[in-house]
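Please open the model in your viewer and keep the sequence panel beside it. The tour below goes from one selection to the next and says what is found at each stop.

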Amino acid sequence: MNTSALITMLVSEMVIIAFTAFFFVKVLTIPPKAEPDSFSENDQEPR
Amino acid sequence: MTLQTKESWGSRVGLVLAMAGNAVGLGNFLRFPVQAIQNGGGAFIIPYFVCFLLMGIPLLWIEWASGRFGGKWGHHSTPFILDSMDKRTFWKYIGVFGIFTNLAVAAYYCYLESWTLSYMYHSLAGSFMGESAETVSKFFIDYVSLVHGYEPVFFWLLCLVLNTYILSRGLSGGVEKAAKVGMPLLILFGILLAIKGITLKAGSEGAVYDGVTGLNFLWTPDFSTIWTPKVWLAAAGQIFFTLSVGMGSIQCYASYVRSKDDIALNAMSAGWMNEFVEVVLGSSILIPISIGYLGIDTVIEMTKNGGLGLGFRTLPYLFTQWGPLLSALAGFAWFCLLFFAGITSSLAMGTPCMGFMQDEFGWSRTKSAWSFGAAILVLGLPTVLFFNHGVFDEYDYWAGTVSLVVFALFETILFAWVFGIDKGWHEINQGSDIKIPVFFKYVIKYVTPVFLGAVFIGSLPDLARKITDVSNPYVVGARLLLLGVFLGVSYLVYIAYKKRLKEGRFVS
């Protein structure tokens with residue numbers, strides 16, 4: 001690959017991978033808010 | 001006052017995957033790489049990113065926030081979500097776009113999705129092994145011309161029943177489970193095919209060029225194109241269609257999120273996941289493999305009419321160069337990936353229509369799901385039977401292009417200027433798990449509507465040409481059918497509005 005193509009590809013993909021990973025990890029790790037929340041899997045009793 | 005609903009999301013990650021699945025579609029793999037090579041190669045990524053930042057992300061927040069706001073009042077479809085934001089009658093009927101578009105797009109999208117099911121079967125069955133490039137290409141032409149008898153109809157019905165069944169299982173029991181299975185598998189198959197595409201070696205497995213040659217061609221920036229309006233319009237259009245904004249499905253999914261729960265981070269996570277699939281995976285499969293076998297000039301010529309032909313007519317033949325086992329596995333992975341990209345989007349098209357019937361007419365989830373399936377059966381049949389007469393493309397143009405832009409433009413004006421940017425900004429930030437730069441408040445108010453206006457104005461010459469072309473009776477019939485659907489949905493909204501007034505069910 002020529003240098004300009006390689007740099008464009010690597011910079012673009014690394015920025016996207018970094019943002020994707022950053023936001024998805026945040027979604028996975030932020031503790032859920034107090035009940036009642038929007039999600040049924042963490043409910044004490046079925047809805 | 002908050003109105004509760006029986007439907008809910010099972011988990012936050014399930015919601016994000018379902019939203020990402022809604023955005024990720026066949027265009028991520030078939031449209032993006034073709035747009036890139038036609039609009040400046042690697043330089044295309046600059047206007048593409050700018051449009052994502054100034055139009056894509058704001059629209060995602062607008063739609064998530066509008067949906068959650070409407071859901072507070074028990075609304076799960078755009079006619080009454082928009083009504084909850086401004087009481088003028090006009091907006092309810094603008095909201096009709098959010099049901100009409102889903103019905104009309106699902107009608108032809110389901111057929112497209114069924115091709116991937118059929119090709120998965122044929123890849124595993126080895127139907128393309130030992131055949132010439134022309135024969136494999138002709139297979140597709142014959143398929144959509146119904147030369148293969150009722151096989152296309154069978155796969156279409158199978159796809160329709162599968163979609164309807166999943167929808168009838170509800171949000172957490174159906175849509176979310178499909179996304180939790182589909183999205184990880186889509187990414188896994190995408191990574192495997194991307195590795196195979198990039199590591200393709202000239203002289204090995206019949207390849208004429210290295211896979212990297214295709215990557216090099218796609219990513220070499222031609223900066224002379226960067227100030228061309230055509231390139232910016234193409235970038236704005238790509239961002240617009242890849243995120244599935246302007247459809248009403250994001251609002252519907254978000255309407256099941258409570259006010260205190262985050263939408264800002266969820267929207268970012270789903271949006272960036274779509275970008276990962278589109279830019280990282282989408283650029284590494286179709287073009288590197290095609291150029292590896294066919295060379296740059298042939299691929300440029302073949303992509304003049306888009307990436308669909310390359311994906312369905314050429315790639316199955318190229319896979320056969322990898323030997324029986326790898327060919328079957330690669331073909332299966334490619335079409336399975338496209339199938340998951342398709343079904344996670346078509347499921348999102350069903351939920352606003354179902355939400356409308358459940359909210360306004362008290363239908364059960366099962367009844368509304370199977371009624372949606374029946375509507376798609378009736379509306380989709382012309383696209384199956386008269387594909388070669390331009391009916392499919394006509395649906396795609398009016399419902400999958402024009403309606404989206406018109407609706408997104410109106411909803412942005414409503415959110416930023418009628419509902420008010422201060423209330424809107426508060427709505428986006430309520431319960432947020434991230435701090436959004438205040439810069440976006442001004443982008444939403446001033447820049448996004450201008451971008452959308454530019455996309456709309458840019459599409460006007462094509463619109464004028466389309467309207468004046470009435471030479472094909474099938475196309476005219478398709479337009480009349482779509483107009484009938486729009487008017488029919490408008491009438492249902494009118495009945496629902498009168499019914500709400502009579503029952504005193506308006507709350508605000």
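Helices (H or I, at least four residues) and strands (E, at least two) are taken here as DSSP runs, numbered from the N terminus. By that definition, the secondary structure of chain A, which is the selection to begin with, comes to 1 helix and 0 strands. Before going further, please note that this is a predicted model, in which local features need pLDDT of at least 70 and side-chain atom pairs count only at pLDDT 80 or more, while totals for chains, interfaces and linings use all residues. Residues are numbered from 1 along each chain as its sequence is written, chains are lettered from A and ligands numbered from 1 in the order in which they are written, and side-chain values use heavy atoms, with hydrogens and water left out.

**Chain A**

Of its 47 residues, 28% count as buried, where buried means under 20% relative accessible area, exposed means over 50%, and partly exposed lies in between (1.4 Å probe, protein chains only). Chain A exposes about 3100 Å², and carbon and sulfur atoms supply 70% of that area; accessible areas come from the Shrake-Rupley method with a 1.4 Å probe, and for residues only the protein chains shown count as cover.

Next, select Glu35(A) and Pro36(A) and look at the peptide bond from the one to the other, which is cis, with omega near 0°. Pro36(A) is placed in the segment after α1 of chain A.

**Helix α11 of chain B and its cover**

Move to chain B and select residues 211-219, which form helix α11. Which residues of this helix are buried? They are Gly211(B), Gly214(B), Leu215(B), Leu218(B) and Trp219(B). These residues lie on the same side of α11(B) because they cover an arc of only 115° around the axis, the arc being that of the directions from the helix axis to the C-beta atoms.

One of the covering helices, α3 of chain B, contains the next stop, Gln35(B). At 15% relative accessibility, Gln35(B) counts as buried. Leaving aside neighbours within four places in sequence, Gln35(B) is in contact with Phe44(B), Ala234(B) and Gln238(B), contact meaning heavy atoms within 4.5 Å.

In α10 of chain B, select Leu185(B), which is partly exposed, with a relative accessible area of 29%. Leu185(B) and Ala333(B) are 148 residues apart in sequence, and their C-alpha atoms are 9.2 Å apart in space.

In the loop between α10 and α11 of chain B, select Glu205(B). Its phi is near 55°, a positive value in a residue other than glycine, and Glu205(B) is partly exposed, with a relative accessible area of 29%.

**The pair α8 and α17 of chain B**

Now select residues 133-144 and 308-319 of chain B, which are helices α8 and α17. Two packed helices are described by the angle between their axes and the distance between the axes. Here the axes come within 8 Å and cross at roughly 145°, where axes are lines fitted to C-alpha atoms, for helices over the stretch in contact, and angles run from 0 to 180 degrees between N-to-C directions.

Show the side chains next: Ala133(B), Val136(B), Ser137(B), Phe140(B) and Ile141(B) in α8(B) meet Phe312(B), Arg313(B), Pro316(B) and Tyr317(B) in α17(B).

In the loop between α8 and α9 of chain B, select Leu146(B), which has a positive phi of about 65° although it is not a glycine. At 23% relative accessibility, Leu146(B) counts as partly exposed. The loop between α8 and α9 (151-168) also holds Gly149(B), which counts as partly exposed at 32% relative accessibility. Gly149(B) and Phe387(B) are 238 residues apart in sequence and 15 Å apart in space, C-alpha to C-alpha.

Finally, select Tyr165(B) in helix α9 of chain B, which at 45% relative accessibility counts as partly exposed.
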